[in-house]
Amino acid sequence: MSITLLYFGVLKDTLGCSTETLAWDGGTTATLLDLLRGRGEDWALALAPGKVFRLVVNQQIVRGDAAIPEGAEVGILPPVTGG
Amino acid sequence: MYCDITVQTATFDLGAEELALRAQAGDAGALVAFQGMVRAHDEAVPLAALFLEHYPGVTEAEIRRIAEQAAARWPVSACRVIHRVGALAPGEPIVLVLIAAGHRAGAFAAAEYLMDYLKTQAPFWKREDFVDGSSRWVEAKASDDAACGRWHD
């Protein structure tokens, strides 16, 4: 099974991708972040624990660690700069 | 409360939106309109365009949530929000907030509340495209600590 990841704003440029399909055996947002941080220095820096970003699972903004069901759409959002 | 939220690339017409909202506003005694335009900025290199991105579905739902918060605090009878995305040239309208309410105090307050939210918390990301071809994503300002704090909650 898999999940779909969507990256927004500056993360598209720093991570060099806007969307991807990722093999997923189940887990939480913490599982996902650990996996992405393990991809290399760029990823570890961009998604470091102290960085300000937010995750969205199936269109719901997530607070704290949350389960990611198989087939989910997960958005990774940098700090907002709108208006 | 009547509430209509749109995120779109197309421009909008303040006059037409005002007429449409008044048709939904019941016996409201006040209507406040705020329209924001893209500023050229005072950079060394002039701005060719602002590029705005949003998260379809999530952004609209977040704006609706905050509009409902505003309606819980002030007697808002109708609200209309349009936020543009994509490439916007300096001078172009970028955001519209219309609030109809029983009295002026509630209409002013609710409009300001919504605009503060749109500036600091709504899921939009802004990139500056300069006339020399360079571009950069706008970073969250240090002065937006309060907004960042909300992202940590």
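Analyst: What follows goes through the chains, their contact and a few details.

Analyst: This is a predicted model, in which local features need pLDDT of at least 70 and side-chain atom pairs count only at pLDDT 80 or more, while totals for chains, interfaces and linings use all residues. Residues are numbered from 1 along each chain as its sequence is written, and chains are lettered from A and ligands numbered from 1 in the order in which they are written.

User: OK, how many helices and strands are there in chain B?
Analyst: Chain B has four helices and eight strands, where helices (H or I, at least four residues) and strands (E, at least two) are DSSP runs, numbered from the N terminus. Starting from the N terminus, the elements come in the order β-α-β-β-α-β-β-β-α-β-β-α.

User: And what is the radius of gyration of chain B?
Analyst: For chain B the radius of gyration, which is taken over C-alpha atoms, is 16 Å. The C-alpha trace of chain B spans about 50 × 40 × 25 Å along its principal axes.

User: What percentage of chain B counts as buried?
Analyst: Of its 153 residues, 31% count as buried; a residue is buried if 20 or more other C-beta atoms lie within 10 Å of its own, exposed if 12 or fewer, and partly exposed in between, with C-beta atoms placed from the backbone.

User: Which residues of H2(B) are buried?
Analyst: They are B:Val58, B:Thr59, B:Glu62, B:Ile63, B:Ala67, B:Ala70 and B:Ala71. Helix H2 of chain B covers residues 58-73, and its 16 residues should span 22 Å at 1.5 Å a residue, which agrees with the 23 Å between its end C-alpha atoms; the expected span is 1.5 Å times one less than the number of residues.

User: Switching to chain A, which pattern does it follow?
Analyst: Chain A, with three helices and five strands, reads β-α-β-α-α-β-β-β along the sequence. Its buried residues make up 30% of its 83 residues.

User: What order do the strands of its sheet have?
Analyst: In chain A an open sheet of five strands has the order E2-E1-E5-E3-E4, with mixed pairing, and two strands pair if DSSP finds at least two bridges between them. The edge strands, each pairing on one side only, are E2 (19-23) and E4 (60-61) of chain A. Strands E3 (residues 54-57) and E5 (residues 73-77) of chain A pair in the antiparallel sense over four bridges, and A:Val56 stands opposite A:Gly75 in E5(A).

User: How many residues does the contact take from each chain?
Analyst: It takes 21 residues from chain B and 17 residues from chain A, where two residues are in contact if their C-beta atoms, placed from the backbone, lie within 7 Å. On the chain B side, strand E3 (47-54), helix H3 (104-120), strand E7 (124-130) and helix H4 (145-152) each supply at least two residues.

User: Last one: where does B:Asp129 lie?
Analyst: B:Asp129 lies in strand E7 of chain B and is partly exposed, with 17 other C-beta atoms within 10 Å. Leaving aside neighbours within four places in sequence, B:Asp129 is in contact with B:Ala48, B:Ala49, B:Phe51 and B:Ser135.

Conventions. Rg over C-alpha atoms; globule rule 2.2 N^0.38 Å.
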